[in-house]
Amino acid sequence: MSATPPPAAPARRTLMRWDLAAPPCPYPLPTPYRAAPVAPADAALLGELSYRAYRGGVDDEGESAEWHRAEMAAALAGEFGAVDQRATRVAWCGSTPASLSFVTLWKSRPLVAFALTDPAHTSRGLARALLTHSATLLRAAGASELTLVVTDGNPAVRLYTHLGFAPAG
């Protein structure tokens, strides 16, 4: 007689907040990367980036590349709140998206819906540069904070904390 394992506990997530009262320290993208706004035509490429970035990580639940492409198309269509076009940026390496800071307005507040970096492009400061860029533009537009939700165990928490995000009380 074999025992059936218990269902997996749902992942615990933490809401983090970056107080934008002080200007963020600028952090430029390294060469050869270039930052650009996102466009609906980018959905498939951003879905592929999402698939590569999530695969094998704490948020990977076995979703297919097709699922990630549909998720990005939905995000670009406003499924997770209106896309803040001025604060959302993708870092490109040639014609390949390498990193993404995707900011939406959720309940009238800026939210990082996706912060992704392709594993082939990690440890180069891409996420830091894009998130800092997003925060700088949001602050200039009058936003007082930037929020995100992160799964416990995600190594990106170290970056978020270094930038100024803290668990929301």
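## Strand β4 and its partners

In this predicted model, strand β4 (residues 89–93) is largely enclosed by the rest of the structure, because four of its five residues are buried. Strand β2 (residues 34–36) pairs with β4 in the antiparallel sense over three bridges, and within this pairing Ala-36 stands opposite Val-90 of β4.

Strand β5 (residues 96–106) also runs antiparallel to β4, to which five bridges join it, and here the bridge partner of Trp-92 is Pro-97 in β5. The two strands β4 and β5 form a hairpin with two residues between them, and in the turn Gly-94 has a positive phi of about 65°.

## His-121 in its loop

His-121 is found in the loop between β6 (109–117) and α3 (126–140). Although this residue lies in a loop, His-121 is buried, because its relative accessible area is 11%, below the 20% under which a residue counts as buried. Leaving aside residues up to four places away in sequence, His-121 touches Tyr-33, Cys-93, Ala-98 and Leu-126.

In helix α4 (residues 156–163), the residues Leu-159, Tyr-160 and Leu-163 are buried. They lie on the same side of α4, because they cover an arc of only 95° around the axis. An α-helix has 3.6 residues a turn, so residues three or four places apart point the same way. On the other side of α4, Arg-158 and His-162 are exposed.

The buried residues of α4 pack against β1 (13–19), β6, α3, β7 (145–151) and β8 (165–167). Gly-164, which follows α4, has a positive phi, near 130°.

Terms used: Residues are numbered from 1 along each chain as its sequence is written. This is a predicted model: local features need pLDDT of at least 70, side-chain atom pairs count only at pLDDT 80 or more; totals for chains, interfaces and linings use all residues. Side-chain values use heavy atoms; hydrogens and water are left out. Buried means under 20% relative accessible area, exposed over 50%, partly exposed in between (1.4 Å probe, protein chains only). Contact means heavy atoms within 4.5 Å. The arc is that of the directions from the helix axis to the C-beta atoms. Two strands pair if DSSP finds at least two bridges between them.
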